[in-house]
Amino acid sequence: MTPEFDAIDRIMRRGRAIMLAGLLAVAGIYVVALRYTPPEAHQGLAFKIIYVHAPAAWAMEMAFVLVGVVGALYFWLRDPRLDVFGEASATVGMVFGTVLLTTGPIWGRTIWGAWWAWDPRLTFTLLLYLLFAGYFALRSALRDPVERARFGAVIGIMGTVLVPFIHLTVYLFNSQHPLPVLGRPPCPPDKPGCEPSLPWVLLKPLLLSFGAFTMLYVGFVMTRYGIGLRDAATEARDAE
Amino acid sequence: MTVGRAALAIAAKDLRIEWRHRTAFATSVVFAVLVLMVFVFARDQGSVSLTTLAPTVLWVMLALATVVTLNRAFLLERENAALDGILLAPVSATALFWGKWLANIALVMVVEAVAIPLWVMFFNVEPSVRLAGIGAVAVLAAIGFTAPGTLFSAMAVRTRFAELLLPVLLLPFVIPPLFFASQATVRILGDAPAGDIWGWLRLLALYDIAFLALATMLFPMVMDQ
């Protein structure tokens, strides 16, 4: 084993440890959410899906935004490892996107009475997901690794600029999607029907699940990044 | 040669080639009419009137015709490695992007100029001053479609699956301007207050500016050899 492969193995080992810790944390949060947290006043048990849905949305957006950030850095530094990271982050983003787009309709069926209500937020998330499906299609159609890195970075940056338009859509147009439960303004006493901020007993597991999903993201990306680095190193060694 | 003059020279070259063959123009117009026909025959005649369907069909037709038109932009340059010739010429990549984009938008607008009157005829839209408003929306939407489209066609053409990859890459970027444009069209046709229409046009313009600027910035990276 060369020192290069040793270093890659170390990254992967740490990634796997963080991933395991993240999975245990998610399991722990679900025990708390199902066993020790009361049902939400309006949505009942269906609300409990939020502990996966909302943090998966956070992890997916973080993953895709980071693809754009490392894409921009790639054009500046031209370090191929940035592309390996970008691809790892996009792959993990797709995984969280799958979780988000699966749990959304399950919740929607119970609360809205429809699997898919063409809510702008869910729909534009699907668009972003499809955009990254295009990112992988383009990458797989290119042989030259440098070209793959450049084009991947371009799609990553374009996708990142699409993200504000997603948020713009949510806030400007009629949406069936519930308002964010974090940072919601307090209800004035004279305004009936206003949804108050989430009570602490429901909010605590949610905040913890954001932390757990961030850990999962880090663990997944480190492992995937290690695999990407190992593939590149093996290819370089075989070419020698 | 300044960037502007080089861009105009490249656009003029592309349009001259198109003028000689008229393949992309003719194909896109025929394609647009076929899309109209598909919608008419696929609808439930009993419950969906042509008037209700009109704005939807207009934007699906224009978006898909744009994708078909954009496919040709860099495929032209693939023959005889013509792109290498342009890259060897002392013109910047920015000029190349603007030249290609100008040629694309000119061609898309010519296709729109033929397709929109056909849509008016087939869908019995009342010809009135409202059509000028729809024309303005179509110009703004064409900018939103072609700016990322020109960038993506330069990337897709480097693969063996250009015709397949371009729609997959481009359509997620077509949907926001398509949504804004179709909302504006519905309001124009329904005689909504000007302020209501203006809000959607502003969003469309914002999208155009953002992606035209971004595509201009990123294009040199795509061409970087």
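**Labels and cut-offs**

Tutor: Let's start with D191(B), which lies in the loop between α7 (162-189) and α8 (194-223) of chain B; helices (H or I, at least four residues) and strands (E, at least two) are DSSP runs, numbered from the N terminus. Mind that this is a predicted model, where local features need pLDDT of at least 70, side-chain atom pairs count only at pLDDT 80 or more, and totals for chains, interfaces and linings use all residues. Residues are numbered from 1 along each chain as its sequence is written, while chains are lettered from A and ligands numbered from 1 in the order in which they are written.

Student: Why does D191(B) count as exposed?

Tutor: The cut-offs count other C-beta atoms, placed from the backbone, within 10 Å of a residue's own: 20 or more is buried, 12 or fewer is exposed, and in between is partly exposed. D191(B) has 9 such neighbours, so it counts as exposed. Its phi is also positive, about 55°, although it is not a glycine. Most residues other than glycine have a negative phi.

Student: What makes R78(A) partly exposed?

Tutor: R78(A) has 13 other C-beta atoms within 10 Å, so it goes in the partly exposed class. R78(A) is in the loop between α2 (50-77) and α3 of chain A, and its phi is positive too, near 55°.

Student: And why is W107(A) called buried?

Tutor: W107(A) has 20 C-beta neighbours inside 10 Å, so it counts as buried. W107(A) is found in helix α3 (residues 80-111) of chain A. Not counting residues up to four places away in sequence, W107(A) touches A46(A), I49(A) and H53(A); contact here means C-beta atoms, placed from the backbone, within 7 Å.

Student: Which helix gives the most to the side of chain A that touches chain B?

Tutor: The contact takes 18 residues from chain A and 20 residues from chain B. α4 (120-140) and α5 (145-172) of chain A each supply at least two residues of the chain A side, and α5(A) gives the most, with 9 residues. By class, that side has 15 nonpolar, 1 polar and 2 charged residues (Ala, Val, Leu, Ile, Met, Phe, Trp, Tyr, Cys and Pro count as nonpolar, Asp, Glu, Lys and Arg as charged, the others, Gly among them, as polar).

Student: What makes chain B as compact as a globular protein of its length?

Tutor: Chain B has 8 helices and 0 strands. Its radius of gyration is 18 Å, close to the 17 Å that the globule rule gives for 225 residues, so chain B is as compact as a globular protein of that length. The radius is taken over C-alpha atoms, and the rule is 2.2 Å times the number of residues to the power 0.38. Buried residues make up 44% of chain B.

Terms used: Two residues are in contact if their C-beta atoms, placed from the backbone, lie within 7 Å.
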